[in-house]
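Please read it alongside the sequence and the coordinates.

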Amino acid sequence: MKVIGITGGIGSGKSMVLEYLKSLDIYVVEADKTAKELMKPGTECYAGIIDTFGREVVGENGYLDSAKLGSIVFGDERELEKLNSIVHPAVKTYIKEDIDRARAKGEKIYALEAALLIEDGYREICDELWYIFAEREVRRNRLINGRGMTMDKIDEVMNSQSSDDYYRENTDRVIDNSGDFQNTAIQVNECLNKL
């Protein structure tokens, strides 16, 4: 089984690529969704977050209130590092175990999407890293039209993420998703054939 790591900046169209991979019956896992599952009440991450940040980060429904937690960690590197040190190792452990489960089930390709794929050291468990690239203006338009984000918010998020050069230097393949998706699908197929 081959393990592909997929990364890229906000608005690059990683989700479109993941949907396409799913349509090809490729096993797809998103690190963010895994993290949300691992932060539900009753989990070790949930307990660790409350121990670290206090009960004020818990909403009325008993689940973590992402807005309250976000207001503590975003913009404060130390607090964000505390949160990441609780969640990221748990996610990585889960993914390693999930890769073993997928291999045992006979999956041929395991596609893992994570925003911090490179930074969190997933190179060690991936056969290839793919960078989904899209021009900055294309990304801006997608985020304004698709997510209703403001220009200020978009710039804030984009500026906090790794540069195009960083992604290119640390990945094996670059898929340009700036144009129409038919062209992107051709590139994805080429990458899959090279596996």
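Five strands make up an open sheet whose order is S2-S3-S1-S4-S5, and the pairing throughout is parallel; here two strands pair if DSSP finds at least two bridges between them, while helices (H or I, at least four residues) and strands (E, at least two) are DSSP runs numbered from the N terminus. Strand S2 (27-30) and strand S5 (173-176) stand at the edges with a single partner strand each, so one side of each has no neighbour in the sheet. From one strand to the next the twist averages 25 degrees.

The model is predicted, so local features need pLDDT of at least 70 and side-chain atom pairs count only at pLDDT 80 or more, whereas totals for chains, interfaces and linings use all residues. Residues are numbered from 1 along each chain as its sequence is written, and side-chain values use heavy atoms, with hydrogens and water left out.

**Strand pairing and burial**

Strand S3 is mostly covered, five of its five residues being buried, where buried means under 20% relative accessible area, exposed means over 50%, and partly exposed lies in between (1.4 Å probe, protein chains only). The cover extends to both faces of S3, with Ile 109, Ala 111 and Glu 113 buried on one side and Tyr 110 and Leu 112 buried on the other. Strand S1 is likewise mostly covered, with five of its six residues buried.

**Helices on the sheet and against each other**

Helix H1 (residues 14-23) lies across S1, S2, strand S3 (109-113) and S4, and runs at about 150 degrees to S2, whereas helix H2 (residues 31-38) lies across S2 and S3 and runs at about 60 degrees to S2. For these angles, axes are lines fitted to C-alpha atoms, for helices over the stretch in contact, and values run from 0 to 180 degrees between N-to-C directions; contact means heavy atoms within 4.5 Å.

The axes of helix H4 (residues 66-73) and helix H5 (residues 77-104) come within 7 Å and cross at roughly 130 degrees. That makes H4 oblique to H5, given that angles under 35 degrees count as roughly parallel, over 145 as roughly antiparallel, 65 to 115 as roughly perpendicular and the rest as oblique. Leu 69, Ile 72 and Val 73 of H4 meet Glu 79, Leu 80 and Leu 83 of H5 in this contact.

**Nonpolar cores**

The largest nonpolar core has 34 residues, and those with the most contacts inside it are Ile 49, Leu 64, Val 87, Ile 95, Tyr 110 and Tyr 122; such a core is a set of buried Ala, Val, Leu, Ile, Met, Phe, Trp, Tyr and Cys residues joined through side-chain atoms within 4.5 Å. H2, helix H3 (44-53), H4, H5, S3 and S4 each supply at least two residues of this core, and its largest share, seven residues, comes from H5. Leaving aside residues up to four places away in sequence, Ile 95 touches Ala 31, Tyr 110, Leu 112, Tyr 122 and Ile 125. A second, separate core of 17 residues includes Ile 6, Ile 109, Ile 175 and Leu 192.

**Two individual residues**

Val 138 lies in helix H6 (residues 136-147) and is buried, with a relative accessible area of 19%. Val 138 and Ser 85 are 53 residues apart in sequence, and their C-alpha atoms are 33 Å apart in space. Asp 25, in the loop between H1 and S2, counts as exposed at 69% relative accessibility. The phi angle of Asp 25 is near 65 degrees, a positive value in a residue other than glycine.
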